[in-house]
Amino acid sequence: MQTPHTDDPARVAAFEARIARGEVIEPKDWMPDRYRKQLVRMMSQHAHSEIVGMLPEGNWITRAPSLRRKMSLLAKVQDEAGHGLYIYCGTETLGVDRHELVGDLLSGKAKYSSIFNYPTLTWADVGVIGWFVDGAAIVNQTMLAKASYGPYARAMVRICKEENFHKRQGYESVATLARGTPGQRAMVQDAVNRWWWPSLMMFGPNDKDSPNSAELTRWGVKKKGNDELRQRFVNLTVPQAQAVHLTLPDPALKYNEASGNWEFGQIDWDEFWTVVKGDGPCNRERLAARRKAHEEGAWVRAAAEAHAAKQRASTVAAA
Amino acid sequence: MSQGKPPDGTPDSQWPLWEVFIQPQYGAPHEHCGSVHAVDAEQALLNARDVYARRNEGMNLWVVPSSAIVGSTPEDVGPFFDPANDKAYRHPQFYKVPRGVKVF
């Protein structure tokens, strides 16, 4: 049993009965310690991913090819900051402070989605990220919008609405490049080739190798397995690639008439674990950029605090 | 995190927590939509606008210090709402009207 002995078995049973009835758990409700811990881990990783996820695309804001693309990209990156804040706020309802969570991210203790440890080498990467990475996030988050923890589920509902814009702007950009000059076409095909496999890895290890999944599924946080979600993403994406005449870098990709699924080749899990463990192409660069931003923002936080203190003092003086 | 601690020693990215309520359209009630950290009410409103109303989601925002909210206790849901349980006479269905008469 993974439930620690500190949890009263009768309360755990009552809690699991609530989950089985499809009830939504709210912050002040009793919950097993392990449920709380798993949610803090999962939700904070998710929030960190949104925040770190601003970096690869933020890299291209100043070099967007037109004002229209620049406005879209700015708005998308700002949304990612908002998504991070929605989820941090949801995580705080479990009794942790955002300050602690941010500290764990900056110290390297906390994880975030490995996809953001890959570099954005060309402008086409920005479009492909919107199409693949946000597309994969929508598949995952649509499932999480039905999670058993209310604040998490509500954050996901908001996020899914906004991610649709992210995906559409990405796919539009990809489609534009795909019907552009031979150079643009080659550039976008190269971006597709580099982002396809890491995007499939976003759904996490195969269910049989995912220790946290079983527990999260039992408690209704996750309603579907990693493999089912990954298959759904592949099924949605293959026709989108065909529509813009781009190929996906997988010779084993083929349609199975019987199952209605696009079968795909073997994922390189060694690469996945290398990146998770901190040795991806950009892990160090991403954390260094977050630390720098946090430290360079210190004076803004101090100034806001000083201003508020001054206002309080003058209110007291006037009274 | 020792960087950037404000003079009073509170953690640098913490600040007080404010609950945010949004009125989706005129005439509708305000609904809770999340929370923000901010040094004061004015900053809380601006942060709430930037976090929860980037797409015209609302006509009006309230921010309330989280510490000011008092809620009922989930464990007491039974006894707390119990007084309403045996008062069927507060509902229109409790009352009989002569057959064939339209009340509304």
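1. In this note, contact means heavy atoms within 4.5 Å, and a residue is buried when under 20% of its relative accessible area remains. The model under review is predicted.

2. Helix H10 of chain A covers residues 226-243. Its 18 residues should span 26 Å at 1.5 Å a residue, and because the end C-alpha atoms lie 26 Å apart, expectation and model agree.

3. The buried residues of H10(A) include A:Leu229, A:Phe233, A:Val234 and A:Val238, and also A:Arg230 and A:Gln231. Among the elements of chain A that cover these buried residues are H6, H7, helix H8 (182-201) and helix H9 (211-218), together with strand S2 (261-263) and helix H11 (269-279). Just after H10(A), A:His245 adopts a positive phi of about 55°.

4. The largest nonpolar core holds 93 residues, of which A:Tyr35, A:Phe132, A:Tyr149, A:Tyr152 and A:Trp195 touch the most other members. H6(A) gives this core its largest share, twelve residues.

5. Leaving aside residues up to four places away in sequence, A:Tyr152 touches A:Leu39, A:Met42, A:Met43, A:His46, A:Ile87, A:Leu144, A:Ala147 and A:Val221.

6. The count of cavities of 30 Å³ or more comes to one. Helices H4 (67-92), H6 (123-144) and H7 (150-178) of chain A each supply at least two residues of its lining.

7. That lining of the largest cavity comprises three nonpolar, five polar and one charged residues. Its members include A:Arg69, A:Trp123, A:Gln169 and A:Ser173.

How values were computed: Residues numbered from 1 in each chain as written. Chains lettered and ligands numbered in written order. Predicted model: local features only at pLDDT ≥ 70, side-chain atom pairs only at ≥ 80, totals over all residues. Heavy atoms only, no water. 1 Å grid on protein atoms, 1.4 Å probe; cavity = no way out; pocket = protein on both sides within 12 Å on 5 of 7 lines; lining within 4 Å. Points joined across faces, edges and corners; volume = space filled by probe spheres on them. Helix = DSSP H or I, 4+ residues; strand = E, 2+ residues; numbered from the N terminus. Nonpolar A, V, L, I, M, F, W, Y, C, P; charged D, E, K, R; others polar. Expected span 1.5 Å × (residues − 1). Buried < 20%, exposed > 50% of the residue type's maximum accessible area, 1.4 Å probe, protein only. Core = buried A, V, L, I, M, F, W, Y, C linked by side-chain atoms within 4.5 Å.
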